[in-house]
Structure formats: structure tokens, C-alpha cells
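Visitor: I have a structure open and would like to learn how to read it. Can we go feature by feature?

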Amino acid sequence: KKELVVPMCSNFERTEIPLTADYLPSQKQSALPEGWTRGGSHPTRYEMGIDEGKSSGGDAAFIHSTSLSLLPNGQPGFGTVCQRFYPKQFLGKRIKLTGHLCWNLVGPESWTGMWVKVDLITTNPRTFHLDNMADRKLVGSSEGSWVECEIVTDIPMNAEALSFGFLLVGMGIIWASDFKFEVVGNSVKPTGERGNQRTPADSVSQELRDNLRKLSLGPKQGQ
């Protein structure tokens, strides 16, 4: 079984995610692990950085709300820490992303999780696969425990980019560490509300889906 270990300070082949002006972080933001970048609907409302020695395996990345993170329309904003790369070694295969999360959230609208998004080489409108754990949200608090989470998805031969990370919707704090990709067999069922289909509109706000889409509009990695 082939594995690709993705620690918080990964140096595997990747591309940076270009961000628009709306996504530019606050100058007060902490440093992120090498190869990772920040984004979200309102990233300046979130502090993102490294918490040294937080996890049993060493350092962990974190997202922490720094102000009221509810938008004028009543929907929660979100912040994310993510990577993007060309999945050459995974084309035509089914993969599983595992990661360890620890969280303490505030308010009934707040939730967290990992996410994986696959951009495809296609004609307009651009199609995509997205699993952001909206159908199995992590809420409340893990009470100091680290919880292993997983996302399983197919990588079509016409995939041009794979983006992944973790996000905080609303208020609170989340830590993440020990990400790992591995190839799995067809007996392992894809995760998400409809397996590997697009996220239904009623599973996550339109704004959240649009912003996750924007995070994957950068140039694809050269082969």
C-alpha cells in the first residue's frame, strides 16, 4: 500500500494558492508551516499559525477566531489553512486523507473539519469534487482529545489539482496535525453526502462553497 506522509511542515511537490485581495491575511498573523497558506471568507477574523509541541507528535497548526465571526446575513464566516498540488501519483486512483484534529468551539453555528477538493480539466462551467465534512461536522469540543478524521475520494485522470486542509466555521479554536494520504482499494467507500458527488446546496452555505471554490482557482502544477 503506497502512502504519502504530509506532516504540518511538508516539502512534497505542490503549488501555492494565489489569493485575491479579499483573502489577504492580517499583518498580525503568525507564521504557518512551510508549504501551507491561509484563506477563507474573512481570514482577518482568524489567527492562524503553529502551536509548538501541541500534539503528541510535535507541533500543530491552528485556527483561532479573534472577533465575532458571524456575517451580516447571519451566516458564520470561516478561515482555513490549506495546500494545493498536482496529484500526479494519484491519478485514476482512490485516496484517503487522514488527519488528527483537536477543537473547542463556541456557539451553535460553529463547526470544523478537514476538506479535500479536486479540480478537473474541463470546459465551462468548471466541475469539481468537494468533501468538507459538512455532512459530519465536528461541533462542540473534543475535550482536549485528538480525533482522527478521514476523507476518501476518487482522483479522476483529468484532475488538474488537489487542494486540502482544515477549516473553522464560526468561533472557537482548532488544532490539526499528522496529515497523511494513502491509496486505497475500491472496497473503501468514498465519504461525503453523495459519495464523490458535488456537495448539495443544502449541506453548506452558498458563500462557503463559493469561497472554497476560489481557493482552488490557481494554476495547475507542471508535470
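This is a predicted model: local features need pLDDT of at least 70, side-chain atom pairs count only at pLDDT 80 or more; totals for chains, interfaces and linings use all residues.

Visitor: Is serine 177 buried or exposed?

Guide: Buried means under 20% relative accessible area, exposed over 50%, and partly exposed in between (1.4 Å probe, protein chains only). Serine 177 has a relative accessible area of 3%, so the residue is buried. Serine 177 sits in strand β9, residues 159-184.

Visitor: How many helices and strands does the protein have?

Guide: Helices (H or I, at least four residues) and strands (E, at least two) are DSSP runs, numbered from the N terminus. This protein has nine strands and one helix. Starting at the N terminus, the order is β-β-β-β-β-β-β-β-β-α.

Visitor: What share of the protein's residues counts as buried?

Guide: The figure is 53% of 223 residues. A contact means heavy atoms within 4.5 Å. Take contacts between residues at least 6 apart in sequence: 76% of them join residues at least 24 apart.

Visitor: Which residues touch the most other members of the largest nonpolar core?

Guide: A nonpolar core is a set of buried Ala, Val, Leu, Ile, Met, Phe, Trp, Tyr and Cys residues joined through side-chain atoms within 4.5 Å. The largest one has 34 residues, and Leu101, Phe164 and Phe166 touch the most other members. Strands that each supply at least two residues of this core include β3 (46-55), β6 (93-120) and β9. A second, separate core has nine residues, among them Phe78 and Trp111.

Visitor: How many disulfides does a search of the whole structure find?

Guide: A disulfide is a covalent bond between the sulfur atoms of two cysteines. The test is a pair of cysteine sulfur atoms within 2.5 Å. The search finds zero. Cysteine 102 is buried at 3% relative accessibility, and cysteine 149 is buried at 6%.

Visitor: How many salt bridges does the count come to?

Guide: A salt bridge is a side-chain nitrogen of Lys or Arg within 4 Å of a carboxyl oxygen of Asp or Glu. The count is seven. In one of them, aspartate 119 meets arginine 84 at 4.0 Å, N to O. Aspartate 119 is in strand β6 and arginine 84 in strand β5, so the pair ties together parts 35 residues apart in sequence. Aspartate 119 is buried at 1%, and arginine 84 is buried at 0%.

Visitor: Where do aspartate 154 and arginine 94 lie?

Guide: Aspartate 154 lies in strand β8 and arginine 94 in strand β6, so this pair ties together parts 60 residues apart in sequence. Their side chains form a salt bridge at 2.6 Å, N to O. Aspartate 154 is partly exposed at 23%, whereas arginine 94 is buried at 13%.

How values were computed
Residues are numbered from 1 along each chain as its sequence is written. Side-chain values use heavy atoms; hydrogens and water are left out.
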